Amino acid sequence: MSEVSTRAWTRPHDWAEVVIGVVAALSPLWLSTDTMTMWTMVILGALIAIDGLVSLATPGAVYGEGIQIVLGVLLFIAPWVMGYTEFNGASWTSWVAGALTIIAGAAAMPMANAAHRTAMPH
């Protein structure tokens, strides 16, 4: 298992983060939103997907998982902070995608730490 987690492009948690980010970024195409809601979801979703790709490419970079967790929290609280709770589909997408991003980032943290320890010279 640790061999798989130290190889680039093999960690399922990071792939999940990429998919979650893409779904969040594209969701305004099929959800009812206003301009601010759309851009909030597009930007946060794209950042989650990009950070997931960076984590996949550099499995020893532990900071990527921490960034994923922060981005997940931001997406989760966005409906309240950005004021789009009246858009039920967008709100639920933000809450679910944010929670899943937090869970995936936290679950990937042990693998990222193991990959980081393996990559560090002793």
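## A buried arginine

A polar contact is a pair of N or O atoms within 3.5 Å; within protein, one must be able to donate a hydrogen and the other to accept it, and residues adjacent in sequence count only if both atoms are side-chain atoms. This is a predicted model, where local features need pLDDT of at least 70, side-chain atom pairs count only at pLDDT 80 or more, and totals for chains, interfaces and linings use all residues. Residues are numbered from 1 along each chain as its sequence is written, and side-chain values use heavy atoms, leaving out hydrogens and water.

Let's begin with arginine 11, in the loop between helix H1 (2–6) and helix H2 (12–26); helices are DSSP runs of H or I, at least four residues, numbered from the N terminus. Arginine 11 has a relative accessible area of 2%, so it is buried (under 20%; exposed is over 50%, partly exposed in between, with a 1.4 Å probe and protein chains only). Its side chain makes polar contacts with those of aspartate 14, at 2.6 Å, and glutamate 65, at 2.7 Å.

## Methionine 36 and its helix

Next comes methionine 36, which sits in helix H3 (residues 35–57). Methionine 36 counts as partly exposed because its relative accessibility is 36%.

## Spans from the record

An unreviewed UniProt entry gives "transmembrane region" at residues 36–54, 61–82 and 94–115; such annotations may be inferred rather than shown by experiment. In the model, residues 36–54 are 100% helix and 0% strand, with end C-alpha atoms 27 Å apart. Residues 61–82 are 86% helix and 0% strand, and there the end C-alpha atoms lie 31 Å apart.

Terms used. Helices (H or I, at least four residues) and strands (E, at least two) are DSSP runs, numbered from the N terminus.
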